[in-house]
Amino acid sequence: MSAATALYTPQVLALATSLSAYPADPGLPRHGTARSVACGSTVTVGLALDPAGMIARIGLSCHACAIGQAATAIFAAAAIGTTRDRIAAAQSALAVWLGGGDELPDWPGLEAIATARGFPGRHGAILLPWKAALAALSTAPPRG
C-alpha cells in the first residue's frame, strides 16, 4: 500500500468534502486565521458565541491538503457547544500526541486521521482549526 493510499482514505476524503456544511460567514462576530509554516495551509474560523460563552455558530475557510481539510471538518463537527478552554486543552493534547504522546486526544472523530501522525509534514495542517479557533476566541466581538 502506498503512503498516499494509507493517508488519503475514503473516510478522510469524505471528511474533506464535508466542509461545505460550514461555509465562511463574514457576518460572524469573531474571526481567526492560522497558517502552517511547513506547508502554507491556512484555516480561517468565524465564530458566534452564546451568552454562556459557548460556540453557537461556526463558519470556515480552509485552504489545505485533504488531511488539513479533514482535521478542520473533525474540529467543526464537535465545536458547537464547546468552550475556549476545551479547545485549548484539545489543541495542546493534539500537539503532544502528534509529537509522540501515547493517547489520542479527547475530540470526537480524530481516529479518522490517526494515520497522519506518521507524516510529520501534515502535523501543522492538522493543528490549524484549533489554532484558528483560539485566535478567533481571542478577538473582541464588534460593539453595537
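Serine 41 lies in the loop between S1 and S2, where helices (H or I, at least four residues) and strands (E, at least two) are DSSP runs numbered from the N terminus. Serine 41 counts as buried because its relative accessibility is 6%; buried means under 20% relative accessible area, exposed over 50%, and partly exposed in between, with a 1.4 Å probe and protein chains only. Leaving aside residues up to four places away in sequence, serine 41 touches Ala34, Arg35, Ser36, His63, Ala64, Cys65, Ala125 and Leu128. Contact here means heavy atoms within 4.5 Å.

The model is predicted, so local features need a pLDDT of at least 70 and side-chain atom pairs count only at pLDDT 80 or more, while totals for chains, interfaces and linings use all residues. Residues are numbered from 1 along each chain as its sequence is written, and side-chain values use heavy atoms, with hydrogens and water left out. The predictor's confidence in each residue is given by pLDDT, from 0 to 100. For the protein chain the average pLDDT is 93, and 94% of the residues score at least 70. Confidence in the protein chain is lowest in helix H1 (residues 3–7), with a mean of 73, and highest in S3, at 98.

The strands may now be considered together. Strands of a sheet pair through backbone hydrogen bonds, either parallel or antiparallel. In this model, three strands form an open sheet in the order S1-S2-S3, with antiparallel pairing. Strand S1 (30–35) and strand S3 (55–63) are the edge strands, each pairing on one side only. Two strands are said to pair if DSSP finds at least two bridges between them. On average, neighbouring strands of this sheet are turned by 15° against each other, direction ignored.

Six bridges connect S1 and S2 in the antiparallel sense, and glycine 32 stands opposite valine 45 in S2. The hairpin of S1 and S2 has six residues between the strands, and in this hairpin glycine 40 takes a positive phi near 85°.

Strand S2 (residues 42–49) is joined to S3 by eight bridges, and the two run antiparallel. Glycine 46 stands opposite glycine 59 in S3, and alanine 48 has arginine 57 of S3 as its bridge partner. S2 and S3 also form a hairpin with five residues between them, where glycine 53 in the turn has a positive phi of about 85°.

Finally, helix H5 (residues 123–137) lies across S1 and S2 and runs at about 140° to S1. Axes are lines fitted to C-alpha atoms, for helices over the stretch in contact, and angles run from 0 to 180 degrees between N-to-C directions.
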